[in-house]
Each structure stands twice: as C-alpha cells, then as structure tokens.
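Here is a briefing on a predicted model. Please read it beside the sequence and the structure.

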Amino acid sequence: MEAKLKTELGTAVLKSTGHSGGGCISEGQSYDTDTGRVFVKINHKSEAKRMFDGEMASLEAILKTETVKVPRPVKVIELDTGGCVFVMEHLDMRGLSKHSKLLGEKMADLHLHNKRQLEKLKKEQQTVGKGAGQSEVAVVGKFGFSVPTCCGYLPQRNEWQDDWVTFFSQQRLQHQLDMAENSYGDREARELWAKLQLKIPQFFKDVEIVPALLHGDLWGGNVSECAEGPVTFDPASFYGHSEYELDADSGCSGGEDFDNVVTTCLLGGFSESDGTRALISSLQEVHGDTKATESTTHRFLEWMLNMILDVVRSEKSPSSLVHLCFKFLYIISKVRGHKIFMQLFPHEVADLKPVLDLLSRQDPKDSESYLVVTDSPRNAAPLLVSKFMTRPDVTQKHLGAFLDWSLATISQCNDQLLIDIVVLDGTLQSLATIFKHGKRGDLLQYAPKILQCLEQKHLSESSQAMLRKLGVKLIQRLGLTFLKPRLAAWRYQRGSRSLAANLSVSQSATAADAPTPRAEQEEDYDIPEEVETVIENLLVGLKDKETIVRWSAAKG
C-alpha cells in the first residue's frame, strides 16, 4: 500500500508518524511526505470507493464556502488488493470543549452561505453591467448533490430535485424504507408510509426553503477542535433544509458540548422553541387530568360548535379569526368523525348566504382545485364533490364534464412523481365516492370509459400502495354499477298510503291486488363483458403485498 501511495502522491518520502485513528468504518494512519503531513483513511470494503468519493466532494464543497474548518482533501486512491484509501490534510485534533459555541456559529454560516449568495446574486443582477449570465456568484437553486454520499456504508441518493418535499420524501425517507423492506420485509411500515407521504407536503406549507449546504452526518463523533478553532469531518453533504441536521445526533453520544453546537446552529433562530417545549412538557399533566373519550366530548360538542359558529357568522370577525375558527371545526370533526359532526352542524337556509359570502372572500390566488392540493382539504373535497355531482340538477349539466376532466388528469399523471401522486390520490378518491353515492342510471354510461382508463394506467403495478388501493376500490364500485340490481322476491311490499283507500277495499280484493314479484326478476340476463375485467383486477388485488389493497379487493 505504501508503494502505491508514493507513486500516486508523487512523493519520495513517505514515513509513518505513529499517529493512528479511525472509527468503526475505516482505519487511519498519518504519514510525513515531501509536501507535509497527511492523514490516510483506509478501507478494504467494496463500497470504499463510492464512500470516499462522496466524502471528498463534500469536503471540497464545504471548503469553498470558507465557513467551518474541515481537512483539505488530497486524493482517493484505489488499492490493487481491493478497497481504497483517502488522503487528506493532517490536523492535530482533540475533543471538542471550549469551541462548541463557535462551531455552532460556523455551522450556521455554512447553512446560510448559499442563501447569502442568492441574495448577493439578486443585487448584482439589479446592477448596471451585471445582468443575468454575467455574475460570478455561485448559487445552487436545487436540492441534492453532485455525487452520491454515504452515512457509514449506507448510500444516500442525491439526484437533483426542484423542491425539498420531493427530495426529502423520495431520496431520504422512501430510500430508507426501500432498504428496510428489502432487508426485513416490514410491510406494516410500507402501509404506514403510503399514508404518511401524502401528508408530508402540508408539513412544509407556506415555508420558504432555500437549499443549504449541509454536513449531512453531523453528530458528536464527527466534530472536534484544533489550535485554530473548531473542526468537523467525515461529511456526507448535500443541499437540503437547514433544519435537517437538527436531530442528526439522535442516538449518538454527543455530550453537552455537542448539544451547544446544535442549539447555537439551529434553535437560535426558532423564536417559539421555549413555548413549544413547555407545551410538550405539560402533556403528561393534561393527559392525566382529562381524557378525550367519546362520552365526555359528545356532551359538549353542540355548544362548542354553536360558540365557534357565532364567531364565524359575526360580520365584525376579521378573516384571520374566521380562518382560525374553521381550523378548530376541522379538529373537532377529526376527533369525533364527520358523520356525528354533520348531525350537529346547522342546515338552515339562513346560513346559505354567509357561506356564499365566505366563498366569495376566498383568496383569489387559491384557485387550485382542492382535489389536488397537498394538505387536508384533499380528503374532504371528494366527499363534497360526490354530494354535489350526484344531485339530479347537477348530474345532467356537469357530471360528464367533470368525469372527462378526471380521466384526462389520471392519464396525464406520472405515479412516480410526488406532486402527481397527490393529484392521482384526490382524483381517484372523488371518482370512487361518486360511484358510491350516485345512481346507477346516471353513471352506467360513463363506467366503461373509466374502466378502460384505469386499465391503461396499470395502477396495480404502481409502487404506491395508496394508489393501488384506490384503484381497486374504484374498480369494485364500477363492477357494481355494471351489474343490474336484483330485488329479493321476499322484500317488503308497500301498499297504498291512503287510509281511506285501504278501508274502501275489501280484504279479499286487497289480497288479489297484492303485487307479485316480477317475472323478469327470476330470469337471467347477459352479464356485461366489463365484469370479467373487474373480477380479474380484484383477483390481482387479492394477491397484493399490502394489506390495505387486499382488504379493498376482498370487499369488492
């Protein structure tokens, strides 16, 4: 190995200093060379090249920011015997102690560097002679990194993405779950993930996230200090949300000094952190005093709703207060369920005008369909759409156009993109709900076209369990639409509602006139060809690896 190092580094001198280091992943050794002392990380695993290439690119990126001190990378060298070595600058380091707060400040500078560069670029573009394309300021506008990096041996996908939600969902969480399922076959985690990923966008709603260069593996074992100040090393960098590193030390021994780093770096800008911690700390006391059981909440629901609605109805209430009231109403409906909630909600004609007034005051920019938004209204919209579209007066005028829009949306969406997954989710929910509440006579003419669209989309092959479940649910309801309803011969036969008419007819005449089951009910009729396609899809659903999909197929 030392001969290889001499050749690759172009040094006549390569003398071990006796200083060794390393951790649970790689070994380390210091050498004196013609150009100074270097530190060599050694790893004989097949993954070493990818791991060291990512670390070298990370160190180079951090060095360019001139914020926090890191070892200067020199070269990654492949060994003839297998594995790799990574040569970098030697630093005389010791445990982090007096420079912990300074390290936090330096890490904050690192996180803010790209944002400051972006602000500088905008100023330059407004300056005469420094138009677009002429600035020398380097700015990164996407989330990701130029090469894959590793935390330990675990690879991190870093393909560039335009938004943080997509990057975080697909290349951090999804990637980790894929590895967990391949290793342990945890289907329950996969089913929970199918529900969670649709909620992730609302966690970052109305939050401006500028790509920040991150260390990527920041914990107590990867920070230290030297005579010049604090040092960090072993990065797995990428451009992401600056708060990604907030809990990077979870489960690792960082100590009080490293807690100071995290506090200085991240929590300093979080003005509500103290109040949030106090609320969380009081949860145990609150839980011990009152438990929100059905019996205790139901008694107070009516007056709670009335008080909130009084505020909503008041013309003196500002829009922000009205919005807050509706948030409370939403929470109540989630706790007790929308069916009980709707029973207590007012259904008076007098409330129609205030509702229309509230709709007219809606934010003009909020023109996006609630079926395809990334937050909770997407789950309520399908039910409201179905109630509206299945009204007799609306069905004739608008149902066909809405279904055409839905089919066009399904055809154009890519079930591998997060934003399209959200759109597909809302659209499929609305179709499934319409075919649940609508009349067969109104819907039968559209059912073949919808089934054909679903067949062409191949939702059963989607990697998203929630989409496969919704596809099966819609197909089973299409199947019920294709089948002609058959009423049982023994069903209750209602007579005349007129008491006078019943009294004027003798018992014998009434018996003679009693309706008999129609003959055609006993006759067979031709089963539509589409039913065979429906059954095939349901059988495929029964074999699905996810329980939620199998349940939906079994119900069909």
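The structure holds 16 salt bridges. A salt bridge here is a side-chain nitrogen of Lys or Arg within 4 Å of a carboxyl oxygen of Asp or Glu. This is a predicted model, in which local features need pLDDT of at least 70, side-chain atom pairs count only at pLDDT 80 or more, and totals for chains, interfaces and linings use all residues. Residues are numbered from 1 along each chain as its sequence is written, and side-chain values use heavy atoms, with hydrogens and water left out.

**Salt bridges**

- Glutamate 8 pairs with lysine 4, with 3.9 Å between the closest N and O atoms.
- Both residues lie in helix 1 (residues 2-9), four residues apart, so about one helical turn separates them. Helices (H or I, at least four residues) and strands (E, at least two) are DSSP runs, numbered from the N terminus.
- Glutamate 8 is partly exposed at 31% relative accessibility, and lysine 4 is partly exposed at 25%. Buried means under 20% relative accessible area, exposed over 50%, and partly exposed in between (1.4 Å probe, protein chains only).
- Aspartate 162 and lysine 142 form a salt bridge at 3.5 Å, N to O. Aspartate 162 sits in the loop between strand 7 (154-156) and helix 4, and lysine 142 in the loop between helix 3 (100-125) and strand 6 (149-151), so the pair ties together parts that are 20 residues apart in sequence.
- Aspartate 162 is exposed at 57% relative accessibility. Lysine 142 is partly exposed at 41%.
- Aspartate 393 meets arginine 391 in a salt bridge at 3.2 Å, N to O. Aspartate 393 is partly exposed at 42% relative accessibility, and arginine 391 is partly exposed at 42%.
- Shared partners join Lys4, Glu8, Lys75 and Asp80 into one salt-bridge network.

**Aromatic pairs**

- The count is 10 aromatic pairs. Rings of Phe, Tyr and Trp (its six-membered ring) pair if their centres lie within 6.5 Å; planes under 30 degrees apart count as stacked, over 60 as edge-to-face and the rest as tilted.
- Tryptophan 164 and phenylalanine 168 are stacked, at 5.3 Å centre to centre and 15° between the planes.
- Both lie in helix 4 (residues 164-184), four residues apart, about one turn of the helix.
- Tryptophan 164 has a relative accessible area of 4%, whereas tyrosine 244 is partly exposed at 27%.
- Ring pairs link Phe143, Trp164, Phe167, Phe168, Phe204, Phe238 and Tyr244 into a cluster.
- The charged end of arginine 172 sits over the ring of phenylalanine 238, 4.2 Å from its centre. The rule asks for NZ of Lys or CZ of Arg within 6 Å of the ring centre and within 35 degrees of the ring normal.

**Helix 24**

- Lysine 555 lies in helix 24 (residues 547-555). Lysine 555 is exposed, with a relative accessible area of 68%.
- Lysine 555 and leucine 542 are 13 residues apart in sequence and 9.9 Å apart in space, C-alpha to C-alpha.
- Alanine 553 is in helix 24 and is buried, at 3% relative accessibility.
- Beyond residues up to four places away in sequence, alanine 553 touches Val472, Leu538, Gly541 and Leu542. Contact means heavy atoms within 4.5 Å.

**Whole protein**

- The secondary structure comes to 24 helices and 11 strands.
- Buried residues make up 39% of the 556 residues.
- Of the contacts with a separation of 6 or more, 63% join residues 24 or more positions apart.
- The protein exposes about 33100 Å², and carbon and sulfur atoms supply 54% of it. Accessible areas come from the Shrake-Rupley method with a 1.4 Å probe; for residues, only the protein chains shown count as cover.

**Confidence**

- The mean pLDDT is 81, and 79% of residues reach 70 or more. pLDDT is the predictor's confidence in each residue, from 0 to 100.
- Confidence is lowest in helix 22 (residues 519-522), at a mean of 48, and highest in strand 11 (residues 238-240), at 95.
- Over residues 249-254 the pLDDT is below 50; this stretch has nine contacts in the model beyond near neighbours in sequence.
- Where pLDDT is low, the predicted coordinates should not be read in detail.
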